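Here is a short briefing to keep beside the model as you look around. We will begin with one side chain and then step back to the whole chain.

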Amino acid sequence: MPAVQRLRGTADWLPDALRHLRHVEGSGLAVAGAFGYREIATPVMEPTELFTRSVGDTTDIVTHQMYTFTDLGGRSVTLRPEGTAAVLRAFAEGELRQASRPVRLAYTGPMFRHDRPGRGRYRQFHQFGVEAIGEAEPELDAEVIALAWGWLDRLGVGGTTLALNSIGDAICRPRYREALVAHVTPRRDQLGPLDQARLARNPLRLLDSKDEALEAVLATGPLVSEFLCEPCRAALERVEAALAVYGVPYHVEPRLVRGLDYYVRTTFEIWHTSLQGAQNALLGGGRYDGLLGMLGYPDVPGVGFAAGLERVASLAPAASDAGPGTIAVASIGGAAVPAALRLAGALRGRGLRVLTDVGPRSAKAKLRSATGHRAAVACLIGDDELRAGTVAVRDLRSGTQEPVPLGEAPTRVGALAAAASPLDGGGP
Ligand code: HAM
C-alpha cells in the first residue's frame, strides 16, 4: 500500500520555515498597526456566491480555480480563494458598518486556488492583506500602497517595482471596452478558444491572458488611459501626488487590469525582478467601490491589497533571533529526576525555553543530545550534585562548567542563557 502523502500544491511548514513565515506576517501586521489597521479574521469557507458575485464569474479564479463543494446541508460552499470579499461581507454584516470611517482592517491566513502548482504558485497559500473601507479619497489608495511598500522595506526585500494604473469607472470603462472589442474582433482568428469566449463574455479579461498571439494583438490596441473620464483622471493624479509625498517610486502600467472583476479606478501591483513571468507579483490590490453592492449590501467605497506570503518570505532575509538561548536540564540517575524537573519549572517560570532529559542515558550522551538540540546551556544533576545541593552548569558554547548552588541556579542559568541567544535562530 503506498504511503499517504500531502496533496499537490500544499506545503507542510516545518518549524524553521514557519518561524520565518510568521516573522514576515508579523512585520506586516506591525506596519499595518502603525497605520491604524486592526486585525480581523473571517471563515476559511464561505457561500460560493460570495466569490461568483464579486471576483466575477468569468475570471480565471471563479471559472476554474475554486475549491467548491456541496456540504451535507446541500449548500454550495467554497474554500476562500481571496480575502477581500469576505472582509467586506464581515464589515457589512456586523457592527463595523457603524464604526467611524474609514474602517481600517488587516488580515492573514490561508487561501485556496486550484492553480497549476509551480514555483511561487500553490493551491493552498497564505496572504497578508489590508482593506480600508468607507472612504473614496484617492489619498487612501496611496496610504495602502505606502503601507505595502513600507512593509517590504522593513523586511529588507529590495529589487521591487510598483506598477500603477486606473481602469476607469462605470462611466468611462464601457467606452474603453467597446474600443477594445472593436480592435480585437476583426483579429479574433488569432485567439485561442478561451480568449474568444472572453471576448464575447468579458473582454477586459483578455488583458489577463498570457497568450503571445493575443499579446501581439493587444500591443497595437487601445489603452484604458486614453479613455479615462475627468474624475478618474483627477483621482489617478491625486494618487500619484500622494505617492510622491510618501516617497514611493512607481510607474504607470496601462495594461494592468488585475484578474478580479471588482476593481474600479486604481489598480496596482508590486513586482520583483527575480520572480518569473506571471509569478512576479508579490502583491496586488486596488479600489473596489462597487463591491458591496454586488453582494447585496449598500455600496461603500474601499481600497486594499493582498500579498502572497510565500513569495515575500522567499525574498526576505531571515530575522536574527534576539531571544535567550535554550537550556537543557538533565538528571543523571533516577534519584535526581524530581530536582531536575523542579529546576526546569523554575526556569520556565522566568520565561526561558527548557528541554528536560530525565531518561536513563549517560551524562555524555545527554550533553551530546543537548548540543544536537542547539541548546546554549546544560544543567546536570546527579548523585554528587544532590548530595552537595548544587547543579553542574555547562556553557555549551565555551565548554566551561561550574557547580552552582541549586537555590541560585535559576538566576545564574537565566543570565547565561540570556547572554547566549540561539546562534542560528533555531531552538527545538
Ligand atoms: P490577487 O492578485 O489575486 O489579489 O492575489 C494577491 C497575491 O496573492 C498575489 O500577488 C500573489 O502574491 C499571491 N497569490 C495569488 N495566487 C497565488 C498562488 N496560487 N500561490 C501563491 N501565491 C498566490 C487578491 O487576492 C485581492 N484580494 C487583493 C486585494 C485586496 N485587492 C483589494 N484588496
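Is Tyr262 buried or exposed? Tyr262 is buried, at a relative accessible area of 2%; buried means under 20%, exposed over 50% and partly exposed in between, with a 1.4 Å probe and protein chains only. This is a predicted model, in which local features need pLDDT of at least 70 and side-chain atom pairs pLDDT 80 or more, while totals for chains, interfaces and linings use all residues. Residues are numbered from 1 along each chain as its sequence is written, and side-chain values use heavy atoms, leaving out hydrogens and water.

**Aromatic pairs**
- The whole structure holds 5 aromatic pairs, counted when ring centres of Phe, Tyr or Trp (its six-membered ring) lie within 6.5 Å; planes under 30 degrees apart are stacked, over 60 edge-to-face and the rest tilted.
- Tyr176 and Phe227 form a tilted pair, because their planes meet at 55°, with centres 5.8 Å apart.
- This pair links distant parts of the chain, 51 residues apart: Tyr176 lies in helix α6 and Phe227 in the loop between α8 and α9.
- Tyr176 is buried at 2% relative accessibility, whereas Phe227 is partly exposed at 22%.
- Tyr262 pairs edge-to-face with Tyr263, at 4.9 Å centre to centre and 65° between the planes.
- Tyr263 is buried too, with a relative accessible area of 5%.
- Phe128, Trp151 and Phe305 are joined into a cluster by ring pairs.

**Whole chain**
- Buried residues account for 50% of the 428 residues.
- The C-alpha trace spans about 95 × 60 × 40 Å along its principal axes.

Technical notes:
Helix = DSSP H or I, 4+ residues; strand = E, 2+ residues; numbered from the N terminus.
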